[in-house]
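Let's take a walk through this one together.

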Amino acid sequence: MVTGKATDDPESRFSIVLLSAAKLPGVRIQREAYLRKALARRCSEDEIRVAIEETPAAAGIPLEVLDKAASESINYETAKVSALSAAAGMPGLLFLPATVPADVAQYFGHMLRISQKLAYLYSWPDLFSDDGDDLDDATMGVLTLFLGVMFGTQSANAAVGKVAGLMSEQVVKKLPQKALTKGVVYPMVKKVAGYLGVKMTKQTFARSVSKAVPVVGAVVSGGLTLATYLPMAKKLKKHLSSLELTKPAPRVVQVEVVEVRKPSATDYTEQSDDDGTTSS
């Protein structure tokens, strides 16, 4: 964790909030359970099985079906985060030091929730493949980029497209660790994290003002969350749905190659019977 003077750096501030939000209960989405539930009403059991074992694109699920499931998830998460934000605005000015940090954490927590849901629908691999509390660097990097897309950062759009392209080319079921941690995408991750740190500070101030008056603050805070979260989630949905990963890739079928040998003259040599005589 980054401490001390490092927290004055926008990139470090954002990283601390991201790590804290990722550890909140319910933030991590179980890929298999989510895909099964999201696709249950629209897909066959065989399609769901392939979507889980491989990807929804590999299962041949139409993009319009995935878009409808994505919109349902966005509406659900938006209603939930707006209600929680309104509840956090009820106490008023006296409790601002306690309510604002909690509201920011749960807000980013719900951004991470919808990021995972949209990623899984649009054929990204499991972002949390381990059971530990800590985020690995690649997961932290791709989540930073997803949030950057939600905030409208063009460099994040380009970086997410680059990561998706790498996975499409390599036909892998995990994030490209090297590219996200020290390769071509890493500088973009750092740039986006710094930008988000600045945006986060401004957003926190706006939330503080909206909560200053009890009850009224609840309405304003909930409305502010609704007005920001919904279009941001839609931005991510639009971008992820347009990437190469959503297009069904040719499935690789392994076949055993059997060498066929031409018969030779020796194959027709007379064979001896059991009694040692030659067959006629």
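What follows starts with confidence and then moves on to a few helices.

Keep in mind that this is a predicted model. The average pLDDT over the chain is 77, and 66% of the residues reach at least 70.

Now find helix α1, residues 10-22, and helix α6, residues 137-150: the two pack with their axes 11 Å apart, at an angle of about 105°. Angles from 65 to 115 degrees count as roughly perpendicular, so that is how α1 and α6 lie to each other. On the α1 side, the residues involved are Phe14, Ser15, Leu18 and Leu19, and they meet Met140, Thr144 and Leu147 of α6. By type, the residues of this contact are five nonpolar and two polar, with no charged ones.

Looking past residues up to four places away in sequence, Val142 touches Trp124, Leu127, Leu175 and Leu180. Gln177 lies 35 residues from Val142 in sequence, with 9.9 Å between their C-alphas.

Last stop: helix α7, residues 154-170. Its 17 residues reach 25 Å from first C-alpha to last, close to the expected 24 Å. Which of its residues are buried? They are Ser155, Ala156, Ala159, Val160, Val163, Ala164, Leu166 and Met167. As background for that spacing, an α-helix has 3.6 residues a turn, so residues three or four places apart point the same way.

How values were computed: Residues are numbered from 1 along each chain as its sequence is written. This is a predicted model: local features need pLDDT of at least 70, side-chain atom pairs count only at pLDDT 80 or more; totals for chains, interfaces and linings use all residues. Side-chain values use heavy atoms; hydrogens and water are left out. Helices (H or I, at least four residues) and strands (E, at least two) are DSSP runs, numbered from the N terminus. The expected span of a helix is 1.5 Å times one less than its number of residues. Buried means under 20% relative accessible area, exposed over 50%, partly exposed in between (1.4 Å probe, protein chains only). pLDDT is the predictor's confidence in each residue, from 0 to 100. Axes are lines fitted to C-alpha atoms, for helices over the stretch in contact, and angles run from 0 to 180 degrees between N-to-C directions. Angles under 35 degrees count as roughly parallel, over 145 as roughly antiparallel, 65 to 115 as roughly perpendicular and the rest as oblique. Contact means heavy atoms within 4.5 Å. Ala, Val, Leu, Ile, Met, Phe, Trp, Tyr, Cys and Pro count as nonpolar, Asp, Glu, Lys and Arg as charged, and the others, Gly among them, as polar.
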